[in-house]
Amino acid sequence: MLQKISSGISEMSYFNSASAGESTGLKNKIPSDPLLRMETRDLTVKYGSVTGVKNITLPVYSNKVLALIGPSGCGKTTYLRALNRMHDLTRGAVVSGEVWLDGHNIYHSDMNPVIVRRRIGMVFQKPTPFPTMSIYDNVVAGLKLVGIRNKKLLNDVCERALRQAALFEEVKDRLKDPGASLSGGQQQRLSIARALAVDPEVLLMDEPTSSLDPQSTNRIEELIHTLKKQVTIVIVTHNMQQAARISDHTAFFYMGDLVETGPTQSIFTKPKESRTEEYITGRFG
Amino acid sequence: MRSAFQEHLRELESELFNMGDMVITSINRSVSALKEQKLELAKQIRRDDSRINDKRWQIEEQCIHLIATQQPVATQLREIIAVLSIITDLERMGDYAAGIAKIVIKMGEEPPVKPLIDIPRMAEIATAMIKRSLDAYAGRDAENARLISADDDKVDELYHQLLRELISIMIENPRIITRCTYLMWTAHNLERIGDRVTNICERIIFLVTGELVENLDKPENQT
């Protein structure tokens, strides 16, 4: 796990009330498997009458990269967004089943979704810098949001997060420039730095390189490889070669079902399911 | 895009079978040159071996091109890896045939020290194994690939039988040791061809199942 900054964030409770996690006992807490950072059990997401994903049981291993692959509309982004309760913000979305993070069910009524999202950060398809904010303010936005004003702490976190995102050397002399002044690839690394600033345990990435050129894509892929020593990463990608290059485990989704999951090496050399083979060899999707 | 890739894979397979035919022809001709002491044919076989080598490099280049441009995965990846391995075995078999041709040239007009019975039989079994292995490749038939490699035992048996016979002849008449070694080397080359077919069968099993099988020539791995 990432070395905790002394921001106070790491001491914040997962729970809405300080004792709630204990009082709910096994319903909300299971002994955590040290190999697993997260796990979903029978996770189903529905939008009204439409089912996005069905009964997905899938482990997410600590300090590994899990790639979610599958054709458009197969449910991989729906699944990803369920991992940090983003569907709470989607009108009509109903989530059932369990999502466990370090032995806690994040959908339990005692859990605080804001803290959950801080523990499980997200990077989107397109870079999302706050356009009117400086590079510096973009990075520390999450900390300021929770009231941290200690200048030295903010400076330290900013540098640490930018270094983690492999962006510090490129921007260290212009931290006050607008975030929007950076190139697309730099903006995406800035988005990653902002997610890392709040010290997450898991980073969710939804096609983070789909709008980038090959060189920027390469930088992000190298970054993912480095970051996994510190955080667990779940990435949605349409690029089969990218999934093969950067992930340790791959899960193939099709029409809302999890068709197959396993070590990436096995999925890309001898998949068990014919649908997986057909998809990764480009026969459909 | 993908249909073009499938087309390239079919071409690759076709080239592999062409190379297999070239090797079978070369082995048959080398044994024929030995039986009938055809020196000119033996020289031609040695010259033609370069065509087999060229074919191997041409196929290897095709494989490299497909890996670089198509980024194959799963069965398609295993197919290309299998082809890369099989052409190496076929190329070596071509070398063994050329080696037999070289022995024919060395023997010159001297007749063999014994009637040639086991050696043509070995060649017959070995070439049939090559043909059957390529058929198993075409049919993606892992089960048959296991059965074919069992025939390697027959080649080995004939080889050891011939060795024993030649050693007896050498003990009885040391003056013809050199001539005996010609047949020993010929038989050795054919025995190695059988082993190489076993390698091909292992690659067919890899292609079909994804499992890397070793020592298929051992009986316990043939079921």
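**Group meeting: a predicted two-chain model**

Good morning. The largest nonpolar core has 132 residues, and Leu68(A), Ala193(A), Val234(A) and Ala126(B) touch the most other members. A nonpolar core here is a set of buried Ala, Val, Leu, Ile, Met, Phe, Trp, Tyr and Cys residues joined through C-beta atoms within 7 Å. A residue is buried if 20 or more other C-beta atoms lie within 10 Å of its own, exposed if 12 or fewer, and partly exposed in between, with C-beta atoms placed from the backbone. Helix H3 of chain B, residues 74-107, gives the largest share of this core, 15 residues. In soluble globular proteins, nonpolar side chains tend to be buried together.

I should state the conventions. This is a predicted model, in which local features need pLDDT of at least 70 and side-chain atom pairs count only at pLDDT 80 or more, while totals for chains, interfaces and linings use all residues. Residues are numbered from 1 along each chain as its sequence is written, and chains are lettered from A and ligands numbered from 1 in the order in which they are written.

What does Ala193(A) touch? Not counting residues up to four places away in sequence, its contacts are Val139(A), Ala161(A), Leu162(A), Gln164(A), Ala165(A) and Leu167(A). Contact means that the C-beta atoms of two residues, placed from the backbone, lie within 7 Å.

Let us turn to chain A as a whole. Chain A has 11 helices and 10 strands; helices (H or I, at least four residues) and strands (E, at least two) are DSSP runs, numbered from the N terminus. Of its 285 residues, 46% count as buried. Among contacts in chain A between residues at least 6 apart in sequence, 70% join residues at least 24 apart.

Next, one helix in detail. Helix H8 of chain A covers residues 214-227, and its buried residues are Ile220(A), Ile224(A) and Leu227(A). These three lie on the same side of H8(A), because they cover an arc of only 70 degrees around the axis, the arc being that of the directions from the helix axis to the C-beta atoms. An α-helix has 3.6 residues a turn, so residues three or four places apart point the same way. On the other side of H8(A), Pro214(A), Gln215(A), Glu222(A) and Thr226(A) are exposed. The cover over the buried residues includes, among others, strand E3 (65-69), helix H5 (151-164) and helix H7 (184-197) of chain A.

Now the sheet. Four strands of chain A form an open sheet in the order E2-E1-E4-E5, with antiparallel pairing; two strands pair if DSSP finds at least two bridges between them. Strand E2 (50-61) and strand E5 (104-105) are the edges, each pairing on one side only. Eight bridges join strand E1 (residues 36-47) to strand E4 (residues 93-101), and Thr44(A) has Ser96(A) as its bridge partner in E4(A).

Two residues have positive phi without being glycine. Asn55(A), in strand E2 of chain A, has a phi of about 45 degrees and counts as partly exposed, with 15 C-beta neighbours inside 10 Å. Asp199(A) has a phi near 65 degrees and lies in the loop between H7 and E7 of chain A. Is Asp199(A) buried or exposed? Asp199(A) is buried, because 24 other C-beta atoms lie within 10 Å.

Finally, the two chains: 12 residues of chain A are in contact with 10 residues of chain B. H9(A) gives the most to the side of chain A that touches chain B, with three residues. Thank you.

Note on methods: Expected span 1.5 Å × (residues − 1).
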